[in-house]
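Subject: Structure handover

Hello,

Here is the structure we talked about, with the sequence. My notes follow below it.

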Amino acid sequence: MTPLVQFEGVSLGYGRQPVLSKIDFTLERGDFVGFVGPNGSGKTTIIRAMLGGLAPMAGRLTRAPGVRLGYVPQRDQVDSLYPLRVSDVVTMGRYDRIAIGRRPGARDRELAHHALEHVGIADLGHRLLAGLSGGQKQRVLIARALVGEPNVLVLDEPTNGMDLVSTTQILGLVRDLHDRQDLTVVMVSHALNEVANYVARIGLVFGGRVRLGTVPEIINEAVLGSVYGIPVQVHSFDGHRVVVAKNAVAANGSV
């Protein structure tokens with residue numbers, strides 16, 4: 001596989017305050033990686049460094065020539081009060097390809113329409129962003145990232161605040177983009193049970209460190225118990241993994 005982004009002994013933080021230390025991680029072409037950890041653990045910090053917005057405090061971070069990253073921020077970081085149409089929001093993803101002082105052209109608008117088709121909401125292009133549901137807004141943000149023609153899609157908490165149906169639809173869409181559009185995907189989430197059933201590799205972000213491995217290597221009782229410091233059980237239902245704390249099982253009498 002081809003290395004796209006590589007962290008070698010990287011430490012990250014803000015000012016002089018470190019958040020994560022000694023990260024060793026290689027993102028390879030075709031990867032589907034999920035970083036999981038509690039709020040404030042440093043998941044988004046990894047994304048900021050990957051996107052080039054945060055320089056390492058120590059170590060070496062390299063990106064292969066020609067790597068284009070499409071970024072999907074958290075929905076609550078996007079102000080949907082402005083009276084912008086969906087098609088206009090998606091076209092914003094082309095701005096780094098448009099010369100300064102020029103307006104989006106026919107090609108840009110065509111690519112925006114295709115991006116909306118890819119995420120299944122081509123019929124919403126004329127609608128205002130503020131009037132959409134949470135799941136629809138998330139699809140708009142994914143389309144905005146896709147219209148820049150990236151080879152790596154980076155998502156920050158893509159299902160935060162969503163109900164079960166919307167969560168399943170968005171994660172299914174992301175997996176489909178990985179499988180059918182040949183996109184390398186990185187996403188961060190605090191929801192271990194959600195991510196574990198979609199990605200190929202998981203990075204547990206906890207206590208200032210990152211532990212990375214395949215899903216079977218990470219989603220097991222020994223590893224999760226040692227990382228989180230509590231006994232857990234890993235169950236499988238219809239091919240889906242479910243992680244629960246043992247004391248929760250005991251209290252409820254069932255999973």
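Glu 157 is buried, at a relative accessible area of 5% (buried means under 20%, exposed over 50%, partly exposed in between, with a 1.4 Å probe and protein chains only). Glu 157 sits in the loop between S6 and helix H5 (164-180) (helices, H or I with at least four residues, and strands, E with at least two, are DSSP runs numbered from the N terminus). Its phi is positive, about 50°, although Glu 157 is not a glycine. Most residues other than glycine have a negative phi. Glu 149 also has a positive phi, near 55°. Glu 149 lies in the loop between helix H4 (134-146) and S6, and is partly exposed, with a relative accessible area of 38%.

Before the rest, two notes on how to read this. The model is predicted: local features need pLDDT of at least 70 and side-chain atom pairs count only at pLDDT 80 or more, while totals for chains, interfaces and linings use all residues. Residues are numbered from 1 along each chain as its sequence is written, and side-chain values use heavy atoms, with hydrogens and water left out.

The sheet

An open sheet of mixed pairing is formed by 6 strands, in the order S5-S6-S7-S3-S8-S9 (two strands pair if DSSP finds at least two bridges between them). From one strand to the next the twist averages 15° (axes are lines fitted to C-alpha atoms, for helices over the stretch in contact, and angles run from 0 to 180 degrees between N-to-C directions). S3 and strand S7 (residues 184-189) run parallel and are joined by 5 bridges; Val 36 stands opposite Ser 189 in S7.

H1 packs on this sheet and touches S3, S5, strand S6 (152-156), S7, strand S8 (201-206) and S9 (contact means heavy atoms within 4.5 Å). The direction of H1 makes about 150° with that of S6. Its buried residues are Lys 43, Thr 45, Ile 46, Ile 47, Ala 49 and Met 50. Gly 52 follows H1 and has a positive phi, near 90°.

Two buried loop residues

Ser 41 is in the loop between strand S3 (32-36) and helix H1 (43-51). Its relative accessibility is 11%, so Ser 41 counts as buried. The Ser 41 side chain reaches the backbone oxygen of Pro 38 at 2.7 Å. Beyond neighbours within four places in sequence, Ser 41 is in contact with Val 19, Leu 20 and Val 205.

Ile 219 is in the loop between helix H7 (215-218) and helix H8 (221-228), and is buried at a relative accessible area of 5%. Not counting residues up to four places away in sequence, Ile 219 touches Leu 192, Ala 196, Ile 202, Leu 224, Val 234, Arg 241 and Val 243. Ile 219 and Ile 202 are 17 residues apart along the chain, with their C-alpha atoms separated by 8.4 Å.

The whole chain

The protein chain has 9 helices and 11 strands. Along its principal axes the C-alpha trace spans about 60 × 45 × 35 Å. Of the 255 residues, 45% are buried. Among contacts between residues at least 6 apart in sequence, 65% join residues at least 24 apart.

Regards

Terms used
A polar contact is a pair of N or O atoms within 3.5 Å; within protein, one must be able to donate a hydrogen and the other to accept it, and residues adjacent in sequence count only if both atoms are side-chain atoms.
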